[in-house]
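The paragraphs below go through a pair of strands, a disulfide, a core and some charged side chains in turn.

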Amino acid sequence: QVQLVESGGGLVQAGGSLRLSCAASGNILLIVFMSWYRQAPGKQRELVAMITSSGSTNYADSVKGRFTISRDNAKNTVYLHMNSLKPEDTAVYYCNARVTSTDYYVGDYWGQGTQVTVSS
């Protein structure tokens, strides 16, 4: 079993910054990739950023140049550095990871979500 625990959400004014963290634990052999998604009220969950085990990254167009995803492989932790935040960034942010467990099972896991609120 694999668990993802997020932290770092909160309330910030427009133009401000936040850093989200997501730590994976459990029977982990390899984390193939880690991602951040978000879901605003009344909207579908959308991919914000993704990072592979080798460090390749991908971003949604709406956050390019403002958000940076990074990971610490030794700590099985992924970060989302969010700068120049806008009210439209307000959402629940979810961590996602594709993990190969020690029994070679490959699964997708989700964190519980952390609220980010950007005031105008």
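Strands β9 and β10 run antiparallel and pair over 5 bridges; two strands count as paired if DSSP finds at least two bridges between them. Strands here are DSSP runs of E with at least two residues, numbered from the N terminus. The model is a predicted one, in which local features need pLDDT of at least 70, side-chain atom pairs count only at pLDDT 80 or more, and totals for chains, interfaces and linings use all residues. Residues are numbered from 1 along each chain as its sequence is written, and side-chain values use heavy atoms, with hydrogens and water left out.

The two strands β9 and β10 form a hairpin with 4 residues between them, and Tyr104 in the turn has a positive phi of about 75 degrees. Across the pair, Arg98 is opposite Asp108 in β10. Buried means under 20% relative accessible area, exposed over 50%, and partly exposed in between (1.4 Å probe, protein chains only). Tyr104 has a relative accessible area of 63%, so this residue is exposed.

The whole structure has 1 disulfide, and it joins Cys22 to Cys95 with an S to S distance of 2.1 Å. Cys22 lies in strand β3 and Cys95 in strand β9, 73 residues apart. Both cysteines, Cys22 and Cys95, are buried.

Next comes the interior. A nonpolar core is a set of buried Ala, Val, Leu, Ile, Met, Phe, Trp, Tyr and Cys residues joined through side-chain atoms within 4.5 Å. The largest such core has 32 residues, of which Met34, Trp36, Leu80, Met82 and Tyr93 touch the most other members. Its largest share, 5 residues, comes from β9.

Charged side chains form salt bridges (a side-chain nitrogen of Lys or Arg within 4 Å of a carboxyl oxygen of Asp or Glu). There are 5 in the whole structure. Arg38 meets Glu46 at 2.7 Å, N to O, and Asp89 at 2.9 Å, N to O. Asp89 is in the loop between β8 and β9, and Arg38 is in strand β4, 51 residues apart. Both Asp89 and Arg38 are buried, while Glu46 is partly exposed because its relative accessibility is 35%. Arg38, Glu46, Arg66 and Asp89 are linked in a network of salt bridges.

Terms used:
Disulfide = S-S within 2.5 Å.
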